[in-house]
Amino acid sequence: MSLEPRSLEALFELSRDAVIGTENKNRTVVFVNPAARELLGAQVGAPASRFIPREIIDEPSERFVAAAQIGGESVDISVTRQEGLSLYILPRSSVSDTLDSLPEAAAAEMGSLLMTERLALDRLTDLSRAEADDKLSPYVSVLYRNYYRVKRLHDHIVTAVSLRKNAVSFHPRLVSPEEIFRDACDTVRSLLTGNDVSLVFEAPEEPCLISGDPRLLETLLFNLLSNSLLHTHGGHTVRVSLTVQGHRCVLAVDDAGTGIPPERLSTLLTEGWEPDLTDPGAGTGLGLIIARGIAELHGGTLLIESRRDVGTRLRVSFPLAEDNEIMRLRGPEISYRSDGMDLALTELSVVLDKSVYTHRMFD
């Protein structure tokens with residue numbers, strides 16, 4: 001069956017998901033199913049930019065998934081381009097109810113246990129150093145790394161629930177993302193002990209300015225890097241870059257890793273996400289949900305393109321600060337400084353070697 005409006009009508013007329021088809025050249029809507037008319041008011045002949053964010057329309061990749069806000073709602077979009085047409089599929093229930101049922105009481109109990117465990121670990125470290133007992137050091141390192149892995153799970157649950165309830169602490173100001181992301185990459189590079197993956201950061205000569213919360217932006221990048229580093233091996237490079245495209249600043253994290261299987265990619269940003277229980281080191285899947293939430297808080301769009309055994313490209317497109325916003329947010333120049341290594345040690349605990357977690361990091 002060819003990809004043309006008549007065949008699309010037969011395929012998607014009864015679909016619960018909203019489907020919009022556009023011509024690749026002029027970006028005009030040539031097909032909408034009943035669900036798209038009901039959800040978005042989409043009509044044949046209208047410009048696609050009325051219903052889909054322009055950065056998604058302008059993205060040249062043939063297959064990818066994206067998360068954006070449309071009409072104030074968080075929406076997932078699967079995109080396929082073929083035979084001169086682009087299909088945009090928006091699931092009927094884009095925002096997952098899974099996070100509403102996360103056990104907040106269990107997370108609070110986990111936080112209490114983490115505090116007790118950290119005190120015990122610090123005490124054990126003090127005793128081993130006082131007695132000059134180097135035999136304990138490898139075991140202490142393992143315990144510290146496991147502590148940070150549990151802390152990461154705890155923090156992700158708390159952050160995901162806060163994002164879902166629009167209760168996350170968000171303090172935007174005028175920032176240069178280059179400074180934040182460069183410093184974050186320097187921190188990660190210093191922690192890649194024993195890892196054969198290199199990390200490169202590139203930025204445009206002219207700095208861009210956005211309205212952003214520095215700590216949340218740093219958290220976003222650590223989550224994206226954790227995902228890329230987890231699936232990249234054998235001397236490959238993870239490349240972080242900043243570019244200015246029109247009125248937006250685009251953060252890209254590219255890797256040459258194992259890639260994401262198509263069947264998993266299609267559910268990464270939808271209500272049907274599930275952690276990969278066959279891989280104990282794969283994490284819960286909350287990292288990308290958190291990255292999505294942080295991107296949307298900043299008016300950004302998250303795009304994921306991946307091919308099996310080729311690699312993955314993660315992009316976040318932020319709106320540049322407008323002149324009136326620059327005037328409103330501009331204040332004394334304050335360079336952002338991360339609050340130490342704790343955030344990096346937490347977010348990257350699934351990829352860092354245990355040798356990183358020595359007493360030197362906690363002095």
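## Terms and overview

Axes are lines fitted to C-alpha atoms, and angles run from 0 to 180 degrees between N-to-C directions. This model is predicted.

The protein chain has 363 residues, and 48% of them count as buried. Its secondary structure comes to 11 helices and 12 strands. The accessible surface is about 18,200 Å². Carbon and sulfur atoms hold 52% of that surface.

## The sheet

Ten strands form an open sheet with mixed pairing. Their order is E2-E1-E5-E4-E3-E11-E12-E10-E9-E7. Strand E2 (29–32) and strand E7 (198–202) stand at the edges. Each has a single partner strand, so one side of each has no neighbour in the sheet. From one strand to the next, the twist averages 20°.

Take one pair. Strand E3 (residues 63–70) and strand E4 (residues 73–82) run antiparallel, joined by eight bridges. Phe64 stands opposite Val79 in E4. Strands of a sheet pair through backbone hydrogen bonds.

## Helices across the sheet

Helix H6 (residues 177–191) lies across E7, strand E9 (237–245), strand E10 (248–255) and strand E12 (311–319). H6 runs at about 165° to E7.

Helix H7 also lies across E7, E9, E10 and E12. H7 runs at about 25° to E10.

## Asn223 in helix H7

Helix H7 covers residues 214–230 and includes Asn223. Is Asn223 buried or exposed? Buried means under 20% relative accessible area. Asn223 has 2% relative accessibility, so it counts as buried.

Leaving aside residues up to four places away in sequence, Asn223 touches Arg152, His156, Gly287, Ile290 and Glu347.

Conventions
Residues numbered from 1 in each chain as written. Predicted model: local features only at pLDDT ≥ 70, side-chain atom pairs only at ≥ 80, totals over all residues. Heavy atoms only, no water. Helix = DSSP H or I, 4+ residues; strand = E, 2+ residues; numbered from the N terminus. Buried < 20%, exposed > 50% of the residue type's maximum accessible area, 1.4 Å probe, protein only. Areas by Shrake-Rupley, 256 points an atom, 1.4 Å probe, with all protein chains shown as cover. Contact = heavy atoms within 4.5 Å. Pairing = 2+ DSSP bridges.
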